[in-house]
Amino acid sequence: MTPTGYRPSLLRRVLRVLAIVACLPYISLKIVWVAGGTLGIPAGSELLEHRTLLAVANSISVLADIVVVLLALLLTQAWGLRVRAWLLAFPMWAATGLLTPIMAGYPAQLAVALFTGDERAAAPKAPFLDDWVFAVVYGGFILQGLTLGTLFVLYSRDRWGHVWQGRLGELSARTSGPGVRALALAGAVVALLPATVQLIWLSGSTTGLSARRAAERDPDFYVLSAVHLAFLVAAVVFTLLLVLRRPARLGVRPVLALAWVSTGAMGCWGAYMSLVALQPETDVAKQVPALAQLSYAGQMITGFLLAACVAVFLRRRSAEA
């Protein structure tokens, strides 16, 4: 695929439109909230207690969704083929990391709610947002993830398909030297803390939870803990498989894809939860304990360390090919 005379296929144009349309409900809600509106926010919601913080956070969210729109255009336009690899890779890694846990977690929450008969699935018990907001926003996120992810796979296949060809045993030793393996091992060690904390929470313990969070535990809480633990384990396992180049007969493509997605999920969600936990809170019942803060930081550090291993692999593999 070359920039000269490039014209995206009908499939790519449709996916581009769907990705952009999927952003509109989220952007519209955020603009309303930034402007001072309360659409979808019930009376008594804690969101109304911090108007300035709400406006700042929502402004950042609008910018993030605008980035999604730009990515959808970049992946389907001739000028997008001339963009430097790292300028595209980082925002796509972040978008993948932020969207994939929602794509996995929200349907799982709905399935659990259907099984248990809980009509308030995926929404907190305390006033926060109207139930319809979660369906609209998360539904949009899932559509964004599916469309943007498919566009990125098609784009990457045309531009960098050679990078993921073959089996792990066919990779040269240069793709993962001693430094990369040491970095992967460091990430695996750091992952022990957040993995242990998630297991503690899944066992029913309230250790490391704020008083309010402990009181509001429901099936959704356990689903999200299980999802984060699964992505954490996947990030460690598949990055180690990639840098160790074992088992030899395993294809590079699935290992690289799972390492990419799971490291993004850990790095980006760990960073997000760390920022949320560090927000000043005067209500003792809502203050995030140190153990939870360390767990979120551990997720972030694990994700970034392992993502660095993936980045080095991609750079060296691309140079070889």
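Analyst: **Salt bridges and their setting**

Read from the N terminus, the elements of the protein run α-α-α-α-α-α-α-α-α. The model is predicted. The protein has nine helices and zero strands.

The C-alpha trace spans about 60 × 45 × 35 Å along its principal axes. Take the contacts with a separation of 6 or more: residues 24 or more positions apart account for 81% of them. The accessible surface comes to about 15,700 Å². Carbon and sulfur atoms make up 70% of that surface.

Now the charges. The protein carries 26 positive and 15 negative charges. Their mean positions are 19 Å apart. The count of salt bridges comes to four.

Start with Asp-158 and Arg-12. They form a salt bridge, and the closest N and O atoms are 2.7 Å apart. This pair links distant parts of the chain. Asp-158 sits in helix α4, residues 131-160, and Arg-12 sits in helix α1, residues 10-34. The two residues are 146 residues apart. Asp-158 has 29% relative accessibility, so it counts as partly exposed.

Asp-158 has a further partner. Its side chain also meets that of Arg-157 in a salt bridge, at 3.6 Å from N to O. Arg-157 is partly exposed, with a relative accessible area of 47%. The limit for exposed is over 50%, so Arg-157 stays in the partly exposed class.

Next, Arg-174 and Glu-320. They form a salt bridge with the closest N and O atoms 3.7 Å apart. Here too the pair links distant parts of the chain. Arg-174 is in the loop between α4 and α5 (178-202), while Glu-320 is in helix α9, residues 290-320. These partners are 146 residues apart. Arg-174 counts as exposed because its relative accessibility is 52%. Glu-320, at 33%, is partly exposed. As for shared partners, salt bridges join Arg-12, Arg-157 and Asp-158 into one network.

With 38% relative accessibility, Ile-301 counts as partly exposed. What C-alpha separation goes with Ile-301 and Gly-270? Their C-alpha atoms are separated by 7.9 Å, and the two residues are 31 residues apart along the chain.

Ser-61 lies in helix α2, residues 51-74. Leaving out residues up to four places away in sequence, Ser-61 touches Tyr-26 and Lys-30. Ser-61 has a relative accessible area of 16%, so it is buried.

Last, two details of the backbone. Arg-245 is in the loop between α7 and α8. Its phi is positive, about 60°, although Arg-245 is not a glycine. Arg-245 is buried, because its relative accessible area is 17%. The loop between α7 (219-244) and α8 (252-277) also holds Pro-247. A cis peptide bond joins Arg-246 and Pro-247, with omega about -5°.

In brief, Asp-158 bonds to Arg-12 across distant parts of the chain, and Asp-158 also pairs with Arg-157. Arg-174 and Glu-320 make another link between distant parts.

Terms used:
Residues numbered from 1 in each chain as written. Predicted model: local features only at pLDDT ≥ 70, side-chain atom pairs only at ≥ 80, totals over all residues. Heavy atoms only, no water. Helix = DSSP H or I, 4+ residues; strand = E, 2+ residues; numbered from the N terminus. Contact = heavy atoms within 4.5 Å. Areas by Shrake-Rupley, 256 points an atom, 1.4 Å probe, with all protein chains shown as cover. Lys, Arg positive; Asp, Glu negative; His and termini not counted. Charge placed at Lys NZ, Arg CZ, Asp CG, Glu CD. Buried < 20%, exposed > 50% of the residue type's maximum accessible area, 1.4 Å probe, protein only.
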